[in-house]
Amino acid sequence: MDGTAGALRGQWANPSDILSLLLVIGGDIVQKAIAQLVGCTIRLPEWTDRHISIAPVAFSFGWVSYAFLSLQSVVGEMRLMPASDCPSLTVNCANGFARKTNSWVLGRLLRDHENAFPVDSRPAEDGGRAESLRIDIFHLKPPIGPDRDFIWWCGWAVITVQIGIALAPWIRYGDWGILLITSAGTVLAMATCALPQWTEEKWAGCTLKREKVMCLTRGNGHQHIMVFIGVQGCWDLERLATGASDPRPETRWLFGLLAVLWTFLLISMSGLREHTWFLVGVGGVGMLQNAFAAGTSWKPGASDLHMTAFPRISTIIGRRGSDNRKDDTDAEVNLEDSVHELAYVEEWATKRPVTFHVPIENTGPGQAPLMPRWLDTMTVEDGLPAWLEPINPDNNDSATGGLQSSVCGRGVQGHATMKNGVRKVIVYAEGVHGALMGLEKWVPTAGLAMVQIFFPAGLNYNDASIRDNRHKKFWRRAYHTRSIRKRAEEKRRAEESKPTAQHSV
């Protein structure tokens, strides 16, 4: 009995044997922590003209396990980054092509966005908001490097605390073994994160050569769509979604060397018999930091995805309506009339001289057309076709104000907010189709592409996939005029970005 009690007391006094076991658990957490934190670089001396990646991933239990797991990976498929843990689709809105998102960065972007803006699908009678779909629209900005946020600096703080814990037994008892193990583990962790292949895999894509509209969503049955309007120099999310990069040949033998060094560290740790609680503290604090970095939500800028809300309309939320809503009696529309309504816009977007009389001052046959005013105001009063009238904010200067769709007339509401000098407009539409129709009005072809994802029917209009006649009318017109409206919106954005834009007419 005394022998058992003595063994237990000894184990709890200096738990040496358990340390070697702890080091081989949690390898997947370490990999995800590296994937999140890697990306920031420091410049080496000028004569080298090189940069090296630094990532504050603390030494913890699990590093030895990760070293051998990663060795197996680089010997086989030659990949370091983990697979995306948020299944999603990246859609090119120009042609409706959707591809599976393999990018860790894009998967986490969507996951964190969904966590930040949850959709309340509970019925109104149960106290919910009866929301069915949320669409957020962004302007992408060119990459300038990952933001160093609180999580990044927290990693360095934890490493400093670990060094402080390891110094305590040396100062108090003259035992420098804990400090040696902690310092060696930290150096090996930094060396692992500094491999160039990490950043090459994390941002395995290219930048855009011209404007492109892309969407990120989990697809049919889910409740979030992120729409990105990218310009020249921004990340091409469609290419980034593949997550494919050329592996570096030196990565294989470097990871082999690191695995050997981690093994030496494990053997050395097994020989420690005194003051091992300090080492447990070092590893425990490191594991908490790894888990926090691997699992917590990040701002997009921390992954070098810099964006701003689309100023014209930032969010469209679809809400389930009443089951006894009224529908149009038929789905017949005159598509030629719809094209004729946009004929002048086509002339302007393609820079062709006006070939017919337009009731606009100083614009006649043979003259170069000016940008129609309704492209900027999106109002029927300025000539916008009635079927394209969106939910517009009230014409007032207040930071917040009610929004009402005059074309729907079904009590569709919204509001505007001002935050950090950026005006965000949130509007509410009737159901999923109403939200997608609103998206199509503001970002031509984006709604069309998303209809194929949420109501699969191929790239062309499919009457059978749409139930209500009033929805059929809109989508038939939208499909028939998509190229005209897309060119016009692209040119409007180009005009908007010019220092001195031409006056609308």
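Helices (H or I, at least four residues) and strands (E, at least two) are DSSP runs, numbered from the N terminus. The model on screen is predicted, so local features need pLDDT of at least 70 and side-chain atom pairs count only at pLDDT 80 or more, while totals for chains, interfaces and linings use all residues. Residues are numbered from 1 along each chain as its sequence is written, and side-chain values use heavy atoms, with hydrogens and water left out.

Begin with helix α18 and select Arg492 and Glu496, which both lie in that helix, four residues apart, about one turn. Their side chains meet in a salt bridge at 3.3 Å, N to O, the term meaning a side-chain nitrogen of Lys or Arg within 4 Å of a carboxyl oxygen of Asp or Glu. Arg492 is buried at 2% relative accessible area, whereas Glu496, at 46%, is partly exposed (buried is under 20%, exposed over 50%, partly exposed in between, with a 1.4 Å probe and protein chains only).

Then select Glu440 and Arg485, whose closest N and O atoms are 2.6 Å apart in another salt bridge. This pair links distant parts of the chain, since Glu440 sits in helix α15 (residues 431-442) and Arg485 in helix α18, 45 residues apart; both residues are buried.

Finally, select Glu346 and Arg487, which form a salt bridge with closest N and O atoms 3.4 Å apart. Glu346 belongs to helix α13 (residues 343-349) and Arg487 to helix α18 (residues 482-497), so the pair ties together parts 141 residues apart in sequence. Glu346 is partly exposed at 22%, and Arg487 is partly exposed at 29%.
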